[in-house]
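Biologist: I would like a close look at a single part of this protein. Please take the sheet and the residues around it, in short steps.

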Amino acid sequence: MPVIKPISDLRNYTEVTRDVSYGNRVYLTKNGHGDITMIDMRELDDIEKELALYKFKYEMAIAEKSIKEEGTVSEEELAKELGVEL
């Protein structure tokens, strides 16, 4: 069950943070509308790692599609394109 509190409760910050734990966020409202979310730092780190993994998988899927559709270039062609010598 989500914990929803008015932002004015932040006057007693310690009391509000007691409700924050891994998997349990505190949603703070302003004038009855969602404004801020407090989330456990470990949970945020896990979410960011998962997002990075999804982004990596997405970029890999794009690369695989490009290889299938456009093929690859040889080492010599790449060196020439980059202007370097092998």
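In which order do the strands form the sheet, and what is the pairing?

Modeller: First, some ground rules. This is a predicted model: local features need pLDDT of at least 70, side-chain atom pairs count only at pLDDT 80 or more, and totals for chains, interfaces and linings use all residues. Residues are numbered from 1 along each chain as its sequence is written, and side-chain values use heavy atoms, with hydrogens and water left out.

Three strands form it, in the order 1-2-3. The sheet is open and its pairing is mixed. Strand 1 (3–6) and strand 3 (33–38) are the edge strands, since each pairs on one side only. From one strand to the next, the twist averages 35°. Such angles run from 0 to 180 degrees between N-to-C directions, with axes as lines fitted to C-alpha atoms. Strands here are DSSP runs of E with at least two residues, helices are runs of H or I with at least four, and both are numbered from the N terminus. Two strands pair if DSSP finds at least two bridges between them.

Take strand 2 (residues 26–30) and strand 3. They pair in the antiparallel sense over five bridges. Lys30 stands opposite His33 in strand 3. Asn31 lies in the loop between strand 2 and strand 3. Asn31 is not a glycine, yet its phi is positive, at about 55°. With a relative accessible area of 71%, Asn31 is exposed. Exposed means over 50% relative accessible area, buried means under 20%, and partly exposed is in between (1.4 Å probe, protein chains only).

Lys30 also takes part in a salt bridge. Its side chain meets that of Asp35 at 3.9 Å, N to O. A salt bridge needs a side-chain nitrogen of Lys or Arg within 4 Å of a carboxyl oxygen of Asp or Glu. Both partners are partly exposed: Lys30 at 45% and Asp35 at 40%. A search of the whole structure finds six salt bridges.

Lys5 is buried, with a relative accessible area of 15%. Asp19 is partly exposed, at 30%. Leaving out residues up to four places away in sequence, Lys5 touches Glu15, Val16, Asp19, Val26, Tyr27, Leu28 and Thr29. Contact means heavy atoms within 4.5 Å.

Leu28 is worth a stop too. With neighbours within four places set aside, its contacts include Lys5, Val16, His33, Ile36 and Met38. Leu28 belongs to the largest nonpolar core, together with Val16, Val20, Val26 and Met38. That makes five residues. A nonpolar core is a set of buried Ala, Val, Leu, Ile, Met, Phe, Trp, Tyr and Cys residues joined through side-chain atoms within 4.5 Å. In soluble globular proteins, nonpolar side chains tend to be buried together.

One more salt bridge: the side chains of Asp40 and Arg42 meet at 3.3 Å, N to O. Asp40 counts as buried, at 14%, whereas Arg42 counts as exposed, at 53%.
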